[in-house]
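Open the model in your viewer and follow along. We start with the whole chain, then zoom in on a single residue.

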Amino acid sequence: TASVPPPANGYDYYYSTTNTSPTSMTTPSGSTTVGVTTANLTMLIGSTTYYFWARGNCGSGDFSAWSTGASFTTACSATTIPYTQDFESVTIPAIPTCTSIQNAGTGNNWITSSNPGSGFTSKTLQYSYNSSNAANAWFYTQGLTLNTGTTYKLTYRYGNNGFTEKLKVALGTSADFSSMITIADHPSVTGSVPITNTVTITVPSNGTYYVGFNAYSAANQFYLFVDDISIIVAPSCDVPTAIVASA
């Protein structure tokens with residue numbers, strides 16, 4: 001908020017990734033002209049918290065004190081392949097940094113849990129049932145830089161712990177269900193045993209893409225799990241099979 005009258009030489013501002021207040025000896029990061037109370041910052045690092053302060057420049061070396069600090073966090077940048085997400089970095093029940101969730105229905109949303117059972121013994125993405133409403137919960141990976149002409153392999157583990165669950169896997173150009181195109185569908189997840197699935201991905205153009213995991217189970221089921229998401233550039237030859245030993 002500009003002072004009245006505004007400083008004769010506008011405002012100085014200072015920003016840093018360290019929450020250490022500037023002093024009278026600190027060199028400002030930039031300045032504005034008279035009456036201007038906004039500044040556009042460029043060349044920032046993605047997924048990073050910045051702290052900032054401002055002061056009035058009254059001219060002739062006369063400055064106000066620096067303001068109380070504030071902060072903002074930049075959006076996550078797209079990441080390159082290979083990409084992995086095993087959920088081990090989270091504090092339960094939060095989701096990992098740079099991923100996102102979206103509830104497109106009236107059921108519950110994805111959370112994380114630790115050692116939930118049914119073959120999942122570490123931190124795991126979990127959909128917990130809603131007794132009245134069907135699921136339409138989405139989990140999205142970080143943005144992924146994918147290129148046309150390259151084949152990628154998406155691998156993940158999924159499972160449940162008793163009831164019949166439903167899981168779709170999709171690919172889209174934004175972390176929103178309206179952009180998602182289904183690449184795998186598991187309409188009857190049963191057995192309480194982890195299943196590993198691999199899907200081949202190609203894209204029509206270079207860009208940033210998101211993989212979405214959609215719990216669409218009926219109401220009043222139980223738990224659905226997803227873990228160990230991995231995306232790699234597909235090798236040009238397959239893994240050998242039927243390996244045997246001979247004396």
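Colour the protein chain by burial: 35% of its 247 residues count as buried (under 20% relative accessible area, with a 1.4 Å probe and protein chains only). This is a predicted model, where local features need pLDDT of at least 70, side-chain atom pairs count only at pLDDT 80 or more, and totals for chains, interfaces and linings use all residues. Residues are numbered from 1 along each chain as its sequence is written, and side-chain values use heavy atoms, leaving out hydrogens and water.

Switch to cartoon. The protein chain has 0 helices and 17 strands (DSSP runs, numbered from the N terminus: H or I of at least four residues for helices, E of at least two for strands). Its radius of gyration, taken over C-alpha atoms, is 25 Å, well over the 18 Å from the globule rule for 247 residues, so the chain is more spread out than a compact globule. That rule is 2.2 Å times the number of residues to the power 0.38. Show the C-alpha trace: along its principal axes it spans about 85 × 50 × 40 Å.

Now select tyrosine 129. Where does tyrosine 129 sit? Look in the loop between β9 (123-128) and β10 (137-140). Tyrosine 129 is partly exposed, at 34% relative accessible area (the class between 20% and 50%).

Next, show its contacts (heavy atoms within 4.5 Å). Leaving aside residues up to four places away in sequence, tyrosine 129 touches Asn108, Asn220, Gln221, Phe222 and Tyr223.

Finally, pick asparagine 109. It lies 20 residues from tyrosine 129 in sequence and 9.0 Å away in space, C-alpha to C-alpha.
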